[in-house]
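Hello,

Here is the structure you asked to look at. Please open it first, then read my notes below.

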Amino acid sequence: MFAEKALELIRELKRCVDGTMSPYNEDAVRQVLDEMKALFEHNQRDVSAAVAGESELYSSVHLRHAGLERNKRCLLAYLYNRLENIKKMRWEFGSVLPADIKYNLCEQEVQWFNKYNKMLANYMRSIGDAGGLDLTQDMKPPKTLYVEVRCLVDHGEFETQDGNILVLKKNSQHFLLRSECEHLIRQGILEHCVH
Amino acid sequence: MSSDTDEMGGDTEEEVMTAAEVLEKLEEAWLNEKFSPDLLETKTDLVECMLEQITAMEENIQRAKKGDFKISIHRMEIDRIRYVLSSYLRIRLKKIEDFTAYILHQESQRKEEDSPLLSPEEYKFAKEYQTSVEGHFNSLALRHMPANSQTLDHKLTVIQPNLDNYIFLRVNEDTQGILIEEETLDTGEEIVDLEKGDQHIMRYRPLAPHVASSAVSLI
């Protein structure tokens, strides 16, 4: 059946759990493209035959064309949804991708990530006159100024806004300005203690 | 320090507004943007004015005595304002990314005298974003496709916001005669008068111009 492989790609997207990235399925993409090529060539032959007088070929030409369109649509949907996922990663992890995620991207996707990174950084820097605004901060409405956090990994020294230096050791607890440690919480270095 | 938040005014739209009023406007714009399916006009003035306020407030905190308990209250206020600002711009950016082609098309259709949909920075971002996504499609898939399917037809692929979404709204000004439903074969046309203070759930499309003129706000 036509477009079977392309549907497989879409299923793969659906199966992918939130916050993870499935590997770029280069084989399937190539197979879809090959199928498209075969369909196209077959169609070309039939079209010339049909023009020459065999008008019963028209319906199969139509069917193959529908298959071509479907393949194209599925393939683009696959790429687009992966881009959406990559964007989400940018907002979650910041400008450097974790190695395990980067491993699952193809080369062009990594390039696109870098481009997106640059675009976003340029945009954020251009907000207002004075140096811009980091939109990846303040993701949740602030409830309190300070939060109690527990360190999940050894992170080393951390300098607060007022110049004090803290050592973030595993399992130590601190009372920090929310705006300062939000990034670290999202990266999984600190954990917000809720009592 | 309290004087900054109350008296230092930013002048948007020629009239002088106090910072508190600017904040109120910004919050309204934020809520409207959050609940409307479509991208609304840009409020660059408000954003810039509020950013200046934040910087000014931060400078004042630097000058203030250490241990003054007012500091933490002001810090909290700054955090809240910054959240509203970032959230507002984030929502806009998300819409721009989702509906890039549609929004750029709208922007190009806009008449000279209408206020712009995108700020210059947002416009630049939208353009770059569109080029990069199309470039990506091209290099990975379209380029390898048979000759007749290599182009991307904007009419077919464009993602549009659903303007028929239902929204909650509160009426700020009396507005008469809003055409909710065109006349069809089965039913007559439906016209609604809105009274100040009313709250409704309605389709977004007929109300879009009234949201823009802030006769109604979304809640």
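Is A:Y116 buried or exposed? A:Y116 is buried, because its relative accessible area is 0%. Buried means under 20% relative accessible area, exposed means over 50%, and partly exposed is in between, with a 1.4 Å probe and protein chains only.

Two notes on the source. This is a predicted model, where local features need pLDDT of at least 70, side-chain atom pairs count only at pLDDT 80 or more, and totals for chains, interfaces and linings use all residues. Residues are numbered from 1 along each chain as its sequence is written, chains are lettered from A and ligands numbered from 1 in the order in which they are written, and side-chain values use heavy atoms, with hydrogens and water left out.

Aromatic rings

Over all chains there are nine aromatic pairs. One of them joins A:W112 and A:Y116: the ring centres are 5.3 Å apart and the planes are at 10°, so this pair is stacked. Rings of Phe, Tyr and Trp (its six-membered ring) pair if their centres lie within 6.5 Å; planes under 30 degrees apart are stacked, over 60 edge-to-face, and the rest tilted. Both residues sit in helix α5 (residues 107-126) of chain A, four residues apart, about one turn of the helix. Helices (H or I, at least four residues) and strands (E, at least two) are DSSP runs, numbered from the N terminus. A:W112 is also buried, at 1% relative accessibility. Ring pairs link A:W112, A:Y116, A:Y123, B:F125 and B:Y129 into a cluster.

A buried charged residue

B:E33 belongs to helix α2 (residues 19-35) of chain B. B:E33 counts as buried because its relative accessible area is 1%. Leaving out residues up to four places away in sequence, B:E33 touches B:D38, B:L39, B:L40, B:Y88, B:I91, B:R92 and B:K95. Contact means heavy atoms within 4.5 Å.

The lining of the largest pocket

α3(B) gives the largest share of this lining, eight residues. By class, the lining has 15 nonpolar, 11 polar and 14 charged residues. Ala, Val, Leu, Ile, Met, Phe, Trp, Tyr, Cys and Pro are nonpolar; Asp, Glu, Lys and Arg are charged; the others, Gly among them, are polar. A pocket is an open set of points on a 1 Å grid over the protein atoms alone, where a 1.4 Å probe fits, with protein on both sides within 12 Å along at least five of seven lines; lining residues have an atom within 4 Å of a point.

Best wishes
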